[in-house]
Structures are given as structure tokens and as C-alpha cells.
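Thanks, everyone, for making the time this morning.

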Amino acid sequence: MGTRKKVLVTGGAGFLGSHLCQRLLADGHDVLCVDNLFTGTKDNLEPLLGESHFELLRHDVTFPLYVEVDEIYNLACPASPVHYQFDPVQTTKTSVHGAINMLGLAKRTRAKILQASTSEVYGDPEVHPQTEDYRGSVNVLGPRACYDEGKRCAETLFFDYRRQHGLDIRVARIFNTYGPRMLPDDGRVVSNFVVQALRGEPLTVYGDGTQTRSFCYVDDLIDGLVRLMDADNSVTGPMNLGNPTEFTIRALADEVIRLTDCGSAIVARPLPEDDPLQRCPDITFARDTIGWEPLIALEEGLQRTIEYFRSVI
Ligand SMILES: NC(=O)c1ccc[n+]([C@@H]2O[C@H](COP(=O)([O-])OP(=O)(O)OC[C@H]3O[C@@H](n4cnc5c(N)ncnc54)[C@H](O)[C@@H]3O)[C@@H](O)[C@H]2O)c1
């Protein structure tokens, strides 16, 4: 265990944020979780709420925040299409105003700050797998743009604050991550399939199921975020964090059906607008600079996720 730091996690009551808070507490830090509980829940923080080094503050990051901290992980932002398209203007505000407010806080406190960016900055990519220097192919006008463009603008702000104010920044481009504490109704593919299977319903596959995704288990992803934050300050990113092993959506559905032993059928539905056909990270940069790569295989991660959903639905 190193020195105890005061660490702020925005979006800390969400899926990734709650696991990150747990990891930072286990590493011996004081953790301040800031969340407006839009998609996050106190249930996610249930194991942490009694801990003396943990604090939850209900706050919307689109408003300034005045606290004293050493490090900031900026995760606040709904991540699944159903939630970020519910109020797209608020989604853009959360990414852009949220970034400005957190960067302002980092500037005042001289805190190190990490942005949870996303593979969505690559849009529907023309190169495969995606390396960090690929500039992306995003539809500026589509229904996903509030999220994609909001995140792109946040990255710009991070690099401008570094150039203009010398901030110690980190930008992680997170690819599909799954695990316990995903919301059962958030429309993300892993939670969708697992919940449908456990309810004995047919699994819904959009399109013909040949589109591929890479799935990273949450513990691996959190380890990547912490390593990136702890890296030398020349390592700003952007850095891809995700699992480079690709699966088709159809193969994922088959695996969920096998592991849950549910006997569900698979039904096809039309592909939503702007849904990328192929998405896979090149993680060479993460391997070489922070010695990170995912360790948990899909089967093991799915088993843990299925166990969690069995206990909540
Ligand atoms: N899970 C993934 O696969 C994935 C992939 C790429 C990027 N990310 C990024 O990681 C971060 C966390 O994602 P997640 O999967 O845990 O999603 P999530 O929806 O579970 O968590 C987001 C959290 O942010 C909070 N929040 C939203 N708007 C807020 C606001 N204005 N003020 C304060 N809090 C606010 C929500 O209540 C929630 O607790 C997001 O920034 C997301 O864009 C996640």
C-alpha cells in the first residue's frame, strides 16, 4: 500500500465507478464519490457506505464543485444508448460542462485528472483494429452524437488544459466492458442477453449477429484505469483499454445460452441507426507503457456476471 490519497470519482455510483471506488478503498485511499444518481444507485455502493474512508456526495457535475483532492477520475456520464439518448442535451452538458468543471477543479487543486473516454470516439471505424492515432468516423448529426461528440469535445478540453495550464491529464478510451452491477434494463448487449436468458425469454440479436464486439471484464478495466493514473506524467494517452479478443454478437448469444442452460431461442431485430459493425481495440500502447492487458476470459467473466444477475432479478 502506498501513500493515502484523496481521490474523487465522478460517476462513482455507476457500474464502473462503484468498482473503481471499491478498488481505490482497497488500495488504502480516501474516496469521495460524486454522482447525481441518474443511472447510478446507492445499491451499487452498498458494500462501501459504512466505510470511514468513503463518502458519497449527490451532485451534478454540470455545476462547479469545490473540494480538496489529489486525484480525479471523471466517469460521470450515462454510458448506454437508452440512457444517454433519454436527454441528449443533458448528455452533452455532462460530458462538456462536466469536463470543464472537473478540469477547473484539477487546475485549482493541482490534482491529477483522468477522463473516462470511449471507443465511441472512433464512431463506425474504417480501420480495424483501432489504434489511438485513428481519428474516427462519427456521424455528427445522428442520435449517438450527443455521447460521441460530447466525449470527443471532453478529450479536446483535456489536451487544451494540459497545453494551456500544464495539467497532469490522462485519457482512457474504454471499450465495451461488462460485469456485475450493469443495469438489467440498460440495453447493453451482455446485460440484455443474460437477463433475457435468466428470464427464459428469447435473446434479441440486432441485425444478422455477425457484427463483432470485444468484451472486457470490469476488474481488468479498473486495473487499467488505475495503472494509467499511476503512470509517469508523460503518459497522457489517449490510451485504448479493452479486450482485443473479438466475438460476434451471435457467438456471445450462444455462449450465454450455454452458460445459463436456459434453452432460449435467438430472435433477429433490425440494426439500430449508426450501430458500428466492428469494434476492436489495438492495445499495444497500453501493453508497452503500463504493462496492461486483460486477464479474465469471457467464459469466467460471463459466469460471474450471470451469478450477479441471478441474485438481482
Ligand atoms: N461500460 C462501458 O462499457 C464503457 C465504455 C466506454 C466508456 N465508458 C465510460 O465510463 C464511464 C462510466 O460508465 P458506466 O458504464 O459505469 O456507466 P453508468 O451509467 O453505470 O455510470 C455513469 C454514472 O455517472 C452518473 N452521472 C451521469 N450524469 C451525471 C451528472 N451530470 N453528474 C453526476 N453524475 C452523473 C450516473 O448516475 C452513473 O452513476 C462513462 O463516462 C462512460 O462513458 C463506459
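Before I describe the sheet, a word on pairing: two strands are taken to pair if DSSP finds at least two bridges between them. Please keep in mind throughout that this is a predicted model. With that in place, we find an open sheet of seven strands, ordered β3-β2-β1-β4-β5-β6-β11, in which the pairing is parallel. The edges are taken by β3, residues 54-58, and β11, residues 239-241, and because each has a single partner strand, one side of each is left without a neighbour in the sheet. From one strand to the next, the twist averages 20 degrees.

Helix α4, residues 145-165, lies across β5 and β6 and runs at about 155 degrees to β5.

Finally, the cores. The largest nonpolar core has 59 residues, of which Tyr 73, Leu 225 and Leu 241 touch the most other members, and its largest share, seven residues, comes from helix α6, residues 218-230. Leaving aside residues up to four places away in sequence, Leu 225 touches Tyr 73, Leu 114, Ala 172, Ile 174 and Leu 241. There is also a second, separate core of 25 residues, which includes Val 34, Leu 105, Ile 113 and Leu 157.

Technical notes. Residues are numbered from 1 along each chain as its sequence is written. This is a predicted model: local features need pLDDT of at least 70, side-chain atom pairs count only at pLDDT 80 or more; totals for chains, interfaces and linings use all residues. Side-chain values use heavy atoms; hydrogens and water are left out. Helices (H or I, at least four residues) and strands (E, at least two) are DSSP runs, numbered from the N terminus. Axes are lines fitted to C-alpha atoms, for helices over the stretch in contact, and angles run from 0 to 180 degrees between N-to-C directions. Contact means heavy atoms within 4.5 Å. A nonpolar core is a set of buried Ala, Val, Leu, Ile, Met, Phe, Trp, Tyr and Cys residues joined through side-chain atoms within 4.5 Å. Buried means under 20% relative accessible area, exposed over 50%, partly exposed in between (1.4 Å probe, protein chains only).
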